[in-house]
Amino acid sequence: MSGPTSPMRMMHQFSREDPTKDRDRLAPGTTRRVFAFAKPYSRKIGAFLVLVVIDAALIVASPLLFKKIIDDGVAEGDRSLVTMLAVVIAVLAVGEAVLTLAQRWYSSRIGEGLIYDLRTKVFGHVQLMPVAFFSRTNTGSLVSRLNNDVIGAQRAFTSVLSGVVSNIISVVLVVATMLFLSWQITLLAVVMLPLFLFPAKWAGRRLSGLTREQMQTNANMSGTMTERFNVGGAMLVTLFGRRQEEQDQFSRQAETVRDLGVKIAMVGRIFFSALTLVAALATALVYGVGGQFIISEKLSVGTLLALAALLGRLYGPLTALSNVRIDVMTALVSFERVFEVLDLAPMITDGDDPQPVDPSRATVHFENVTFRYPTADEVSLASLEGVARPDGKVTVDILHDVSFDVEAGEMVALVGPSGAGKTTLTHLVARLYDVTGGTVRVGGTDVRDVKSADLHAMVGYVTQDAHMFHDSIRANLTYAKPDASDAELMTALGAAQVRSLVEALPDGLDTVVGDRGYRLSGGERQRLAIARLLLKAPRIVILDEATAHLDSESEHTLQRALDTALEGRTSLVIAHRLSTIRQADQILVVDGGRIVERGTHEGLLAAGGLYSELYRTQFSDEADAVPLRIQ
């Protein structure tokens with residue numbers, strides 16, 4: 001049963017910030033889109049509202065039955081009537097309980113269904129976003145859209161919708177019944193309403209500011225814990241000896257949260273005290289005036305008791321309705337924030353008629369390629385970026401008129417100083433970004449004309465910081481081939497020179513690698529990444545400094561694994577250690593986004609250009625060089 005709005009719920013309603021305070025209006029069409037999104041649940045919503053109406057109508061039944069028991073039963077000494085009415089009240093109570101359960105079932109089906117629809121739609125849409133989107137987006141803000149905003153949106157069709165309908169019906173029926181019983185006492189009760197709203201509004205303003213501050217402080221504290229509790233953050237704190245400073249900082253944040261909690265508790269207590277006081281004054285007024293009416297024989301005892309009961313069911317719905325605009329707008333703004341993500345069009349999409357790529361033609365061709373990174377307003381949303389804000393400025397070109405060919409089965413190496421554009425070139429092969437000028441072809445077809453799934457199946461990457469999910473070795477490997485058997489997994493691990501390690505682990509393939517794979521060494525992580533690559537079996541392999549930051553022993557083991565990964569495949573290799581690409585079919589020297597030199601290792605050394613300078617700087621003794629063995 002709806003009944004009077006509880007003090008806790010009213011305090012929560014008053015503590016909400018008006019979402020229209022800092023904005024003029026919702027985006028055009030938001031309301032229409034909301035109803036379109038809820039269309040699949042129209043029957044359930046209709047049934048839910050019918051139950052809400054019935055439940056709200058029963059709010060006046062019990063007081064009227066109490067009146068009849070007193071006036072017609074007790075006062076007249078009619079025992080049978082008293083018994084019968086008591087049974088009716090009990091039956092109504094059971095009916096109200098059943099209605100409450102039915103309402104809850106419908107509201108949960110509607111609410112959870114909307115949450116599921118919104119979350120899956122947003123998640124699927126975000127998966128289509130380019131890498132540029134994720135490089136700018138604050139992950140916490142994006143996750144918030146899938147959690148807080150989605151939940152806020154579904155309230156529009158559960159608590160907000162039911163609350164508005166129920167409260168309107170309750171107020172109309174209660175006021176009409178009270179006027180019917182005694183218009184004089186009803187008017188006195190309504191006059192007392194401002195005395196209730198004043199402390200409620202004051203508490204609402206105070207709670208709104210305190211709640212916002214508490215949420216922000218809690219978010220900051222959660223951010224601190226998240227950053228310090230992951231492996232990288234914990235290592236940084238330990239290695240720099242900052243444990244005490246971190247403890248002090250966290251203590252200050254926790255202290256602020258504690259103090260805000262005390263303030264919120266005190267404001268809440270003031271609100272409850274004011275509510276209790278006004279309710280007591282209103283009740284005293286009703287009984288005082290009603291008692292005089294009874295003495296004057298203008299009112300019966302049962303009527304007075306019914307009026308007192310109805311009075312307790314009047315203030316709650318009236319207060320809730322006074323804030324209905326905030327409730328509705330809060331839900332609509334949540335929907336709008338979800339729609340904002342859904343309306344962000346992916347920069348990289350398949351064409352209207354994507355062409356198949358011939359897997360037997362594992363070639364890569366760059367033709368007069370120019371590239372600049374997209375601006376913030378092209379790929380992101382200001383509300384998702386946290387500190388950063390889109391400025392609309394055109395970024396400068398990173399690559400300038402780059403042309404080269406990688407034939408099937410060839411190994412082409414990219415070398416050059418940091419920031420020269422090497423990694424950017426490899427990203428264009430798998431179309432993680434689109435070129436701004438020129439053409440990139442894989443298998444003879446422009447990557448913009450190829451179906452993305454086919455292109456990604458053909459190209460495989462191993463980077464210097466291979467990512468592992470916080471899951472088992474098996475799960476991380478089968479990410480490349482979900483139906484791979486244990487025998488296939490072990491074969492790939494053997495080829496990647498890491499099988500003996502996995503077999504020695506107590507849980508074998510079911511060993512959990514930890515957050516980002518930090519339970520493994522860098523070399524072990526890289527070899528698992530190569531095993532994953534081998535399971536994928538791409539025709540084109542891109543290695544982005546896969547041996548960087550490894551010790552000599554790990555590098556030597558990893559290079560044996562790379563021999564297998566590169567054998568018979570077209571490969572594009574970014575090399576930090578120039579000794580690893582001495583036997584490349586072609587070496588491209590990149591500087592300032594341009595290819596300034598190209599040729600073989602010996603030819604480039606003899607030319608005495610940038611490559612020769614980089615090589616001499618890196619190796620003072622030729623004997624230190626360990627070549628990459630290509631079969």
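This text walks through the structure from the whole chain down to single residues.

The model is predicted, so local features need pLDDT of at least 70 and side-chain atom pairs count only at pLDDT 80 or more, while totals for chains, interfaces and linings use all residues. Residues are numbered from 1 along each chain as its sequence is written, and side-chain values use heavy atoms, with hydrogens and water left out.

Start with the overall picture. The chain holds 25 helices and ten strands. Both are DSSP runs, numbered from the N terminus: helices are H or I with at least four residues, and strands are E with at least two. The chain has 631 residues, and 45% of them count as buried. Buried means under 20% relative accessible area, exposed means over 50%, and partly exposed lies in between (1.4 Å probe, protein chains only). The chain exposes about 31300 Å², with carbon and sulfur atoms supplying 57% of that area. Accessible areas come from the Shrake-Rupley method with a 1.4 Å probe; for residues, only the protein chains shown count as cover. Contacts (heavy atoms within 4.5 Å) reach along the sequence. Among those between residues at least 6 apart, 80% join residues at least 24 apart.

Now turn to helix α3, residues 42-57. Two partners of α3 follow. With helix α5 (residues 79-127), the axes come within 9 Å and cross at roughly 150°. Axes are lines fitted to C-alpha atoms, for helices over the stretch in contact, and angles run from 0 to 180 degrees between N-to-C directions. α3 and α5 are therefore roughly antiparallel to each other. The cut-offs are under 35 degrees for roughly parallel, over 145 for roughly antiparallel, 65 to 115 for roughly perpendicular, and oblique for the rest. The crossing of α3 and α5 is left-handed. A crossing is left-handed if the near helix is turned anticlockwise from the far one by less than a right angle, and right-handed if clockwise. From α3, the contact uses K44, I45, A47, F48, L51, V52, I54 and D55. From α5, it uses L99, T100, A102, Q103, Y106, S107, R109 and I110.

The crossing of α3 and α8 is right-handed.

Move on to helix α12, residues 243-295, which contains V257. V257 is buried, with a relative accessible area of 16%. Beyond the residues up to four places away in sequence, V257 touches T217, N218 and M221. E213 is 44 residues from V257 in sequence, yet the two are 8.9 Å apart in space, C-alpha to C-alpha.

Next come α20 (residues 486-495) and α22 (residues 522-536), whose axes come within 8 Å and cross at roughly 125°. α20 and α22 are therefore oblique to each other. Their crossing is right-handed. E488, L489, A492, L493 and A495 in α20 meet L528, A531, L534 and L535 in α22.

A537 lies in the loop between α22 and β7 (540-544). Its phi is near 55°, a positive value in a residue other than glycine. Most residues other than glycine have a negative phi. A537 is partly exposed, at 43% relative accessible area. D401, in strand β2 (residues 397-406), also has a positive phi, near 50°. D401 is exposed, with a relative accessible area of 51%.

Strand β8 (residues 570-574) holds V573. At 5% relative accessibility, V573 counts as buried. V573 and L414 are 159 residues apart in sequence but 6.0 Å apart in space, C-alpha to C-alpha. Not counting residues up to four places away in sequence, V573 touches M411, V412, A413, L414, L543 and I581.

Finish at helix α25, residues 610-618, where Y611, S612 and Y615 are buried. They cover an arc of only 100° around the axis, which puts them on the same side of α25. The arc is that of the directions from the helix axis to the C-beta atoms. The buried residues of α25 pack against β3 (411-415), β9 (586-591), β10 (594-599) and α24 (601-607).
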